Amino acid sequence: MDFAAEAWRRDAADPLAKWRNEFALPDDAVTYLDGNSLGALPKRTLGRMERMLKREWGDGLIRSWNDAGWIGMPAKVGAKIAPLIGAQRHEVIACDSVSINLFKLISAALAMRPGRKVVLSEPGNFPTDLYMVEGLAGMGLAERRLVPTEELEAALDDDVALLLLTHVHYKTGAMHDMAQLTKAAHDAGALVLWDLSHSAGAVPVALNDCEADFAVGCGYKYLNGGPGAPAFAFVAERHLGGLQQPLSGWMGHKEPFRFADDYTPAQGIEKLLCGTPPILAMAALEEGVDLIAEIGIAPLVTKSRALSEFTGAAMEQVIPELECASPGDPCRRGSHLSYRHKNAFALSQALIAHSIIGDFREPDILRFGFTPAYTGFADCWRMVSQLRDVLDSEEWLDERFAVKPAVT
């Protein structure tokens with residue numbers, strides 16, 4: 001196949017091509033394939049930030065908590081995220097970070113299953129998910145159990161309170177069968193918490209159809225909310241009444257501005273709030289969420305799979321020596337492809353030197369993300385072609401590509 005010509009043909013026929021202009025991307029000399037780590041800046045966010053700074057904060061000052069609706073932004077943004085993950089609007093709230101929301105919901109789940117302390121997960125799950133369980137175990141509240149992916153269902157015994165999994169694996173892109181594993185956990189009397197950080201805005205998610213209990217996710221990847229954007233949390237409606245989360249901050253109070261000495265939790269999803277929400281960051285996230293909602297999950301998923309299939313075919317033909325670490329079935333993986341090479345870090349740095357930005361994950365993973373709102377087929381072909389050149393020229397052996405920066 002003439003991949004260069006095919007990339008041009010597909011970009012010319014792409015119904016989502018117009019959305020690329022909605023993002024403040026660098027010029028065409030830069031190929032960005034790392035939106036699965038940090039989404040690009042929506043142009044509309046620039047105007048929103050200027051209005052927030054000048055009018056709402058600058059002119060409105062403290063009045064904007066009411067006049068501009070700041071106080072209701074966590075629930076408002078959460079309600080906008082809900083349809084993207086198959087939830088009801090009152091089941092999702094935007095707040096805090098994924099790590100903090102994990103702590104809240106793991107703790108709540110353990111309290112809902114007295115007599116059970118095991119939180120079941122898999123080795124290689126995203127570190128913060130495992131670290132949060134480890135922290136609770138150090139407090140005597142949990143027991144962490146890790147088993148290989150293929151043994152998860154068999155490990156669901158009477159000691160398991162919670163099954164904790166990342167829906168799309170951050171390294172390989174492998175996607176769990178949410179419905180099957182949720183049912184297996186429920187059959188064993190356990191609850192389930194899904195981390196949607198590499199799912200929301202990129203793959204189909206149907207939390208309520210799968211009868212999921214809890215979920216968390218971040219706002220800075222496919223939702224394009226900006227670096228360190230607020231995360232979100234989901235609690236199924238059936239659990240909202242009895243849920244008790246341990247971080248009883250004032251914003252989660254039933255009447256936060258009553259300033260009572262004793263804590264009474266809010267009755268709905270607002271009980272997951274803790275401290276004062278970061279309003280500027282919340283507004284940036286809202287713009288990213290609105291943009292993804294306008295495009296629609298279904299066409300985004302269709303293009304994502306087309307991009308990954310095109311890239312996979314090009315890699316297989318042009319660079320057959322690299323081992324693909326991602327599932328072959330596009331319906332069983334997220335919106336990135338990963339390849340193994342013993343010098344993956346140096347290769348990733350050499351690509352960056354040619355303005356092709358993917359990323360590296362320890363110990364040997366080259367990872368390329370497809371954000372279909374702004375990634376084109378020509379971007380993918382440029383990466384494959386340049387990687388072939390880097391390998392053939394052994395450019396990656398340059399000593400400047402051997403030193404790892406603090407953030408990779």
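A pocket, as the term is used in these legends, is an open set of points on a 1 Å grid over the protein atoms alone, with protein on both sides within 12 Å along at least five of seven lines, and its lining residues have an atom within 4 Å of a point. Grid points are joined across faces, edges and corners, and a volume is the space filled by probe spheres set on the points. The model is predicted: local features need pLDDT of at least 70 and side-chain atom pairs count only at pLDDT 80 or more, while totals for chains, interfaces and linings use all residues. Residues are numbered from 1 along each chain as its sequence is written, and side-chain values use heavy atoms, with hydrogens and water left out.

**View 1. The largest pocket.** This pocket has a volume of about 340 Å³. Its lining comprises 22 residues, and those closest to the centre are Val98, Phe126, Cys218, Tyr220 and Lys221. By class, the lining holds nine nonpolar, eight polar and five charged residues. Ala, Val, Leu, Ile, Met, Phe, Trp, Tyr, Cys and Pro count as nonpolar, Asp, Glu, Lys and Arg as charged, and the others, Gly among them, as polar.

**View 2. The second largest pocket.** Here the volume is about 210 Å³. Of the 16 lining residues, Gly312, Ala313, Glu316, Cys324 and Tyr339 lie nearest the centre. Helix 10 (297-318) and strand 10 (336-340) each supply at least two residues of this lining, and helix 10 gives the most, with six. Helices (H or I, at least four residues) and strands (E, at least two) are DSSP runs, numbered from the N terminus. The lining divides into nine nonpolar, four polar and three charged residues.

**View 3. The largest cavity.** A cavity is a set of grid points where a 1.4 Å probe fits but cannot get out. The count comes to one cavity of 30 Å³ or more, and the largest cavity holds about 40 Å³ of space. Ala202, Val203, Pro204, Val301, Ser304, Arg305, Pro330, Arg333 and Gly334 form its lining, which comprises five nonpolar, two polar and two charged residues.

**View 4. The chain around these spaces.** The protein chain has twelve helices and 13 strands. Along the principal axes, its C-alpha atoms fill a box of roughly 70 × 60 × 40 Å. Of its 408 residues, 53% count as buried, meaning under 20% relative accessible area (1.4 Å probe, protein chains only).

Technical notes:
Buried < 20%, exposed > 50% of the residue type's maximum accessible area, 1.4 Å probe, protein only.
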